[in-house]
Amino acid sequence: MALHAPVLVMKDSMKRESGTKVHRANIQAAKAVADIIRTTLGPRSMLKMLLDASGGIVVTNDGNAILREIDIAHPAAKSMIELSRTQDEEVGDGTTSVIVLAGEMLHVAQAFIDKNYHPTVICRAYTKALDDALAVLDKIAMPVDVNDRGAMLGLVKSSIGTKFTGQFGDLIADLAIDATTTAGVDLGQGMREVDIKKYIKVEKVPGGQLEDSRVLKGVMFNKDVVAPGKMRRKIVNPRIILLDCPVEYKKGENQTNAELMKEEDWQVLLEMEEEYIKNLCAQILKFKPDLVITEKGLSDLAMHYLSKAGVSAIRRLRKTDNNRIAKACGAVIVNRPEELQESDVGTGAGLFEVKKIGDEFFAFIVDCKDPKACTVLLRGASKDVLNEVERNLQDAMSVARNILKNPKLLPGGGATELTVSATLKQKSSSVEGVEKWPYEAAALAFEAIPRTLAQNCGLNVIRIMTQLQGKHANGENAWVGLDGRSGDIVDMKERKVWDSYSVKAQTFKTAIEAACMLLRIDDIVSGIKKKQAPGASAPKQPQIETEGDADNEQMIPE
């Protein structure tokens with residue numbers, strides 16, 4: 001037995017050494033991702049120009065938009081990129097912060113991995129730090145009145161002040177607040193739900209100036225009436241019927257053969273078709289609509305009957321647009337014309353109008369009484385500018401939605417992170433055992449955000465960070481942070497630099513949980529079959545990547 005003992009010890013140490021190398025490779029990959037977008041944090045941030053898959057260019061400083069276009073082979077780096085997507089889906093902002101913070105959490109863990117600390121110990125300390133950090137957020141959060149437009153405007157403006165559209169002042173923030181308050185639905189108990197994806201459509205129309213952009217009290221879509229010469233293009237207070245069925249003769253489900261014996265039979269068949277369409281139109285016209293919109297086809301004959309009755313019609317509209325029209329004018333989408341009722345007719349719209357913008361015709365259903373859906377019309381010089389403005393607007397709307405959902409504010413400019421860091425440093429003295437040092441390291445990692453802000457302002461980082469740490473050392477000046485524009489150390493309340501509570505809490509949770517997950521990986525196993533020459537026999541066993549292969553291109557399918 002004594003002969004085998006050294007062999008077992010040796011195997012165990014080799015395994016640990018192998019795990020350490022994989023950890024090291026994962027940490028390096030995560031840091032590389034963080035370094036790519038580090039310079040895009042803050043109001044003085046740099047833009048990135050990307051070439052997308054189709055050969056077009058994207059100019060942006062939005063973390064998620066940048067990482068979406070990057071193709072990285074290393075699995076740990078891919079996991080980091082997913083973080084930014086998760087953050088964007090969940091709260092719509094803080095996509096850069098979450099990557100920078102997760103990268104820093106992994107970076108400070110490397111020293112402990114090198115000293116043979118077990119990853120579980122580091123993760124336990126990090127989880128403890130996260131709980132304490134969230135407690136600090138609750139303590140320093142300030143409630144906000146969602147009906148106070150000035151406060152809302154200040155918050156949205158400070159959240160997107162770091163973006164490209166920050167130079168246009170209140171414009172984007174105004175659009176975002178108007179859109180989210182229009183499309184918001186009361187759930188009771190002071191809760192409001194805003195479904196940005198479903199009920200707010202951003203329509204980008206090149207031409208004009210950015211200042212011409214506005215939120216419509218209703219919807220617009222890229223369609224014209226079916227028969228422009230015969231149907232009205234402007235109707236005041238229209239009665240609108242929305243259909244989800246074709247207004248044309250039903251085609252056979254499968255191939256149908258009809259045997260005609262006499263010449264008159266053909267006439268009878270045509271008359272049956274005409275009769276069917278006439279009945280359909282009669283059922284619709286019974287409710288005296290001014291505008292009929294269907295998602296499916298509308299035949300020439302139906303068009304004739306409708307235009308004769310003075311009804312305008314639009315066909316082949318997208319389902320999503322139809323849903324928005326229903327929400328805006330109070331109509332109900334009907335599947336069968338025979339089931340139409342008076343309550344299904346939308347009477348909430350003040351005006352239906354078709355306008356020509358540039359070379360395209362756009363239909364507007366606006367001046368709605370109580371619209372629960374809206375369209376944001378963006379104008380701008382070029383498509384690239386419009387795309388970036390749309391990305392910034394999406395972030396702004398997400399911020400406004402987060403405040404409506406959870407009306408609490410936190411200081412921006414790195415002040416929150418510095419307060420959390422100072423509080424955790426104080427608490428670390430009461431942490432017992434071997435977890436004390438990783439806990440302390442997590443406290444230091446939070447300083448990555450203000451440090452990056454200082455770097456992007458072109459300041460003397462060491463001097464600024466020392467001054468900030470001094471202000472926060474006793475935990476009193478929780479609202480003192482860095483003004484990203486001027487580089488001054490100021491009270492964030494005075495400069496109105498705020499962050500949404502939901503975004504900050506989500507950033508901390510996502511970053512720390514992701515860091516813990518990556519630290520728990522001690523081997524990378526590839527289940528991907530490598531391409532083989534014809535006739536070669538397949539390997540019998542699964543391939544296990546060693547630490548040397550951890551960032552090898554072969555692990556990803558071609």
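I began with glutamate 271, which counts as partly exposed because its relative accessibility is 44%; the class lies between buried, under 20% relative accessible area, and exposed, over 50% (1.4 Å probe, protein chains only). The model is predicted: local features need pLDDT of at least 70, side-chain atom pairs count only at pLDDT 80 or more, and totals for chains, interfaces and linings use all residues. Residues are numbered from 1 along each chain as its sequence is written, and side-chain values use heavy atoms, with hydrogens and water left out.

I placed glutamate 271 in helix H9, residues 263-285; helices are DSSP runs (H or I) of at least four residues, numbered from the N terminus.

I then noted a surface patch of negative charge formed by Glu271, Glu273, Glu274 and Glu275. Patch members have over 30% relative accessible area and no salt bridge, and like charges are joined within 9 Å. A salt bridge would be a side-chain nitrogen of Lys or Arg within 4 Å of a carboxyl oxygen of Asp or Glu.

I next looked up alanine 32, in helix H1, residues 5-37. Alanine 32 counts as partly exposed, at 40% relative accessibility. Its C-alpha atom is separated by 7.8 Å from that of alanine 77, 45 residues apart along the chain.

I recorded cysteine 123 as buried, with a relative accessible area of 2%. Cysteine 281 is buried, at 1%.

Notes
Patches are made of residues with over 30% relative accessible area and no salt bridge: like charges are joined within 9 Å, nonpolar side chains (Val, Leu, Ile, Met, Phe, Trp, Tyr) within 5 Å. Accessible areas come from the Shrake-Rupley method with a 1.4 Å probe; for residues, only the protein chains shown count as cover. Lys and Arg count as positive and Asp and Glu as negative; His and the chain ends are not counted. The place of a charge is taken as NZ of Lys, CZ of Arg, CG of Asp or CD of Glu. Helices (H or I, at least four residues) and strands (E, at least two) are DSSP runs, numbered from the N terminus.
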